[in-house]
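This report covers a chain contact, a helix pair and a sheet. The sequence and structure come first.

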Amino acid sequence: MAHAKAEQQQPTTGATLIVLVGLAVVFLLFMAFLNVVKSGNLLSETNLLYAALIFYAGAGALYLGFGVTGTQSYLKFASFSTWLGLIANTAAIAHRWYEAGHAPFASVYEMLLSFVWTLAALTLVAEKKYAVKVIGTVTMPVAIVGVLLMQLLRTDVHPLVPALQSTWLHVHVTLAMLAYAACALSFALAMMFLIQDKLKTETVLAVTSASTLAIYASIVSTRFEKWGALNLVAWNPETKSEVFLSRGVRLFVTIPDLGWLMTLTSLVVASPLVFYALARWKKSDSFLTLANRAVFLSILLQVMTVAIFMLRARDGHYPSLDAEGLFQTSLAASPFIFSGLVGGVFISLLYLLLLWRRPDLERSLPTADNLDRITYKTICLAFPLLTLMIASGAYWANQTWGSYWSWDPKETWAAITWLVYALYLHMRITRGWRGRRAAYFAIAGFAVVMFTFFGVTYLLPGLHAYA
Amino acid sequence: MAVEANSLSGKTLSGKSVARKIWQAFASIKTGVILLIMVVILAAAGTIILQRPVTDPDEMQRAYSPQALRLLDSTGLTDVFHAWWFLGLMVLVSLCIVAASIDRFPNAWRYFSRPYKYPDESFRRASRPQKLLAIADEESGLVAAERALHSLGFKPERVVREDHFGIFAERHRISELAVYIVHASLLLIFFGAVVDGIWGWQGTLNLNEGQTSNAVELRDGATRTLPFAIRCDAAGQENYQDGTPKKWWSKLAVVQNGRDLQKKEIVVNDPLLYNGVRFYQSSYGPNGKIDKLMLEGTPSNGSGARQEIGIALNQTVTLDADTTVRFAEFFPDFAVRDGQVYRKSNDLENPAAHLVVTSKNAAKDFDVWLPQLDEIADNSKSPYQFNAIDLKMGHFTGLQVSHEPGQWGVWSGVVLIGIGLAVVFYVVHMRFWVVPICDPKTGKCSLWIGGSANRNREAFEQRFNELVTLVEAELKSLPEPVRQEQTASVAWN
C-alpha cells in the first residue's frame, strides 16, 4: 500500500493517503465483522488480534506515508491508530489471560503477544515524551511481523507444565519482554541516528541489499532441492503440528518450482549490491541509478515471491523425499521463512522511503545529538532490566532445577546479550564512544537480542524448550 | 596486551616496573574489553558445538566425524563451560575487574570522602552551568540562596575559610561510588560460583514409594553418601484434563539413626532443605515394578462366591480354608520362547502375571498364568479361576539433589548489583556552590551560583535554572530591615 503511494512521487493532497488507509481499515473491519456475524462470537482472541493487526498495519502505512509525504496530519492519525491497536492488543492479552488462567508468558506465541504490546506502548511513549515522531516507521513493521507470526504459530491454550507454575515465571518474563522491547527501541533510534548522521544513502542501499540477499541465500542454501524444488516442513492440519519422522526429525515436503523462484529472486535481490560494488569500483554514479532501479525491481519480485509462497504453502498436497504419499504443509510450519520474506520486503520499502524522502525525514527527526543521547538512555533502561531478568531467571532455575546456572543455550545467550550491552556501556562511558560507532553497537546488540529470543528457541534447544 | 609485550622486550626495565606494566595492562579498559569479547565468542561456541554433559554420546558420534570429535574433545570444545581455559578466562576477567577497580578507586574515594566545597576562581570560570546575580550585600545573597536550596530539598552548608566563604549543597554523593558497587557485586557473584564449583555438588536420587536411601548419584556418575537418609512416603502426579502433567508431589522424610528429623511434601518449585542439601522434585514416573495386581477369583467347581483380591508381588493371600494364592512373577512386557517366559522390556506393554495356587487337601501347587499361556501351564486345572481387573504399577519420584554453599554469595551479589545499577543509571550526584563576590573598588556585590552533575546534564540544567529563579524570587522578597541589619553585621566583621 505504502509502496504504491511511494511510486506516485508527488504528494498531492495530505488527505489521499488517510482516506485510502481509512477505507482499507474500514473494509478489513467490515470483512472481520462478516466473520464475526458468521461465528457469532465478537470478542474472541482471534478477532481482537485481527483488529490489532489492522490498526497496527494502518498505523504503519500512515507512518510510512508521513515519511514519504511529510504531511504532519498523518502523524495524528497514525498514533491514533496505534492507540486503537494497543487497545485491541490489550484486550487480546486480557482475553487470553482469562481463558488460560495464567499470564500470557508460557509459549513463544504468548510472549510475542506481550512483546508486540510493549513495543507499541513504548512507541507511543517515545513519540509523546521524546518527540521521536517517525519511530513508528520502524517499530510498526516489527509489530506487524510479530502479529503475523502469531497468526502462524500455535494458539492453543496450553496448561502450564509443573516447572512453569511459579510467580517467578511472571517476574522473569515481564522483565525479559520489557528489556527486549527497550532494546528494540534503541535499535530503531540508532537507525534514525544513522540517517540524521548523514550516513550515505548508497551505504544503506548496500546494507539493505546485503541483508535481503542473506535472507534469500540462507533459504536457498538450506532448502533448495533438485530440479528447482523447495523443501518445507510438513504440517498436519488436524493436530496443528509439524510432522515428525522420528523424535526430533522433521518430515519435509518438496514443492516444485519454488526453488527456482527463490533462486531468481535472490539473484535480483543481489543485483543492487553488484551495481553498488561497480559504482564504487568505477567511481561512476550511473551505476547507482541502476542499483536503485534494481531495488525497485527486487521489491516487485519479492512481493510476487511472498504471494506465490503463501499460495503454494497454504494449499495443495506435495510429495516428500523421505516418505511415501502426499503431505500438506502450511505457513505455520515455516514461520521463519515466511517472516524472513516479509521482513525483506519491509526493509527494501524502508530503503525506498529513505531514497525518495530523505530531506523530509531529516526535518521531522530530532537532531543527531538528541537521537544519540536517547539511544543511550534507552540502553541505560534496557541494561538493568536485562540484569534483573537474568537474576530472576537464575533464582527461579535454582528453585526448579536445583541449580542457578547450567549454561543452557538460552542462559548463555542471555549472558552474551548482557555482555554486549555491558561492552557498549564501557565503551561509551570510559572511551567516550558516541555517534556512529555507538549506533552500530546498539544495532548489533539488538541482533543478539533477536537471536536470543528466536534463534536459540528454534536452533539451539535446551532446558528452555517451552519458550 | 601491547603494553605487556613492550615491557618484556625492553631490556633496561627492572622487575618492579615490569610488574607495574603488567598491572597497568590488567587495569586498562582495553584488556577488559578484549577479555569480554573472548568470553562472548567462546560462550557462543559452547552453545553451537554440542556439549558432552548434556548430549547423548551416540548423538555426539552421529553429529561429528571421529577426527573432528577427537579434535573437539582434546581442545575441550565439547565441554567449554568446564574447560580449564574457560575457567582461566573467567579468572582473568575477575583479576581485570579487581585491578581496574583498585586502580581507579582511590581517586573516586578521595572525591567521595573529601567533597570539593569551595570553588576557587579558576573552577568558577570553567564551571557550567553558572549564573551571576546582582545582590545588595553578601549576607542577603547567602540567605536567599540558603532558602532557595532548602525549598528544593537540599541541606545547604556554610563554608567558612580564612579569607572567603560560601554555600555548598549536594545530594546523592553515593552515585560516585556506584560503579564500584556494581563491579564488587559481580566479584561476589563469581566468588559464590567458585565456592559452589569447589565445595558444591549436584546429583539425582530416584526413590520408589516407601524406599529409603542416602546414596545420591552425582552428575559424573559417582555416588555420594549422605550422613542422613531420605524416605519417600508417597508420591504422585496430577493431570490436566488433556492428560499433560499439572503437578508432581512427593512426601519426603529425613531419617537419621532411625528417627524422622523433618517431613515435607515437596512439589516442583518448592524443595526440601535439610542441612544445606536441597531436594527438588524433578520427575515422576512408573518404575516398571508392579505395586498391586487386582484380581477376581472364582472357585472352579462353582461352590463359592466370587471374590476380589489385591495382591502384591511375592504376597500370599488366603482364598478359603483350603486354598491360598501367591503372586510369584510379573513381566511388564513378556515374550514366550521354548516354553519359557522372557522379559522383553520394562515398559508396561504386554504384561503377564504368574500366580501359584496351593491346595492343602490336594497337597499340590497349580501354576496359573494371566493371560492363559497354553505352552506353559493349563489354568483350568487350578481350583480357582482368575481374572485380572487392574494393574497398579509402582512409581518412582525423581529428585534433584544439590548442595550449593556459595549461593548466598550469588544472591547477595545479585541484590547488590540491582541496587548498584539503579544508582549508576538513575541517581545523580548534584552539587551547588554559591559564592558572594564583592568588588572592593565599587562596593558592588554579586552572587555566583554554580552547579554540576555527574550524569543527565540536560535535566540538571533545568534544575539549575529552577534554583536561580528561586534565588531571584527570594532576593526580592527579603524584607528591607533584615537586609540592613545583616549588612551592618557583615560590616562589623
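## Helix pair in chain A

Two residues are in contact if their C-beta atoms, placed from the backbone, lie within 7 Å. The model described here is predicted.

On that criterion, helix α10(A) contributes A:Asn292, A:Val295, A:Ser298, A:Ile299, A:Gln302, A:Val303, A:Thr305, A:Val306 and A:Phe309 to its contact with α11(A). The residues of α11(A) that they meet are A:Leu341, A:Val342, A:Gly344, A:Val345, A:Ser348, A:Leu349, A:Tyr351, A:Leu352 and A:Leu355. Sorted by class, this contact between α10(A) and α11(A) holds 12 nonpolar and six polar residues, with no charged ones.

Helix α10(A) spans residues 286-314 and helix α11(A) spans residues 335-364. The axes of the two helices are 10 Å apart, and the packing angle is about 155 degrees. Angles over 145 degrees count as roughly antiparallel, so α10(A) is roughly antiparallel to α11(A). The crossing of α10(A) and α11(A) is left-handed.

## Contact between chains A and B

How many residues does the contact take from chain A and from chain B? It takes 33 residues from chain A and 33 residues from chain B. On the side of chain A that touches chain B, the elements giving two or more residues are α12 (368-400) and α13 (409-431) of chain A. Helix α13(A) supplies the largest share of that side, 12 residues.

The class make-up of the side of chain A that touches chain B is 21 nonpolar residues, 11 polar residues and one charged residue.

## Sheet in chain B

Chain B has an open sheet of five strands, paired antiparallel in the order β1-β20-β19-β3-β2. Its edge strands are β1 (130-135) and β2 (157-160) of chain B, each of which pairs on one side only. From one strand to the next, the twist averages 25 degrees.

Strands of a sheet pair through backbone hydrogen bonds, either parallel or antiparallel. Here β1(B) runs antiparallel to β20(B), residues 445-453, and six bridges join the two strands. B:Gln130 has B:Gly450 in β20(B) as its bridge partner.

## Helices on the sheet

Helix α8(B), residues 138-151, packs on the sheet and touches β1, β3 (165-171), β19 (430-438) and β20 of chain B. The direction of α8(B) makes about 165 degrees with that of β19(B).

Helix α11(B), residues 457-477, lies across β1, β19 and β20 of chain B. The angle at which α11(B) runs to β20(B) is about 155 degrees.

How values were computed
Residues numbered from 1 in each chain as written. Chains lettered and ligands numbered in written order. Predicted model: local features only at pLDDT ≥ 70, side-chain atom pairs only at ≥ 80, totals over all residues. Helix = DSSP H or I, 4+ residues; strand = E, 2+ residues; numbered from the N terminus. Nonpolar A, V, L, I, M, F, W, Y, C, P; charged D, E, K, R; others polar. Pairing = 2+ DSSP bridges. Axes fitted to C-alpha atoms, helices over the stretch in contact; angles between N-to-C directions. Parallel < 35°, antiparallel > 145°, perpendicular 65-115°, else oblique. Left-handed = near helix turned anticlockwise from the far one by under 90°.
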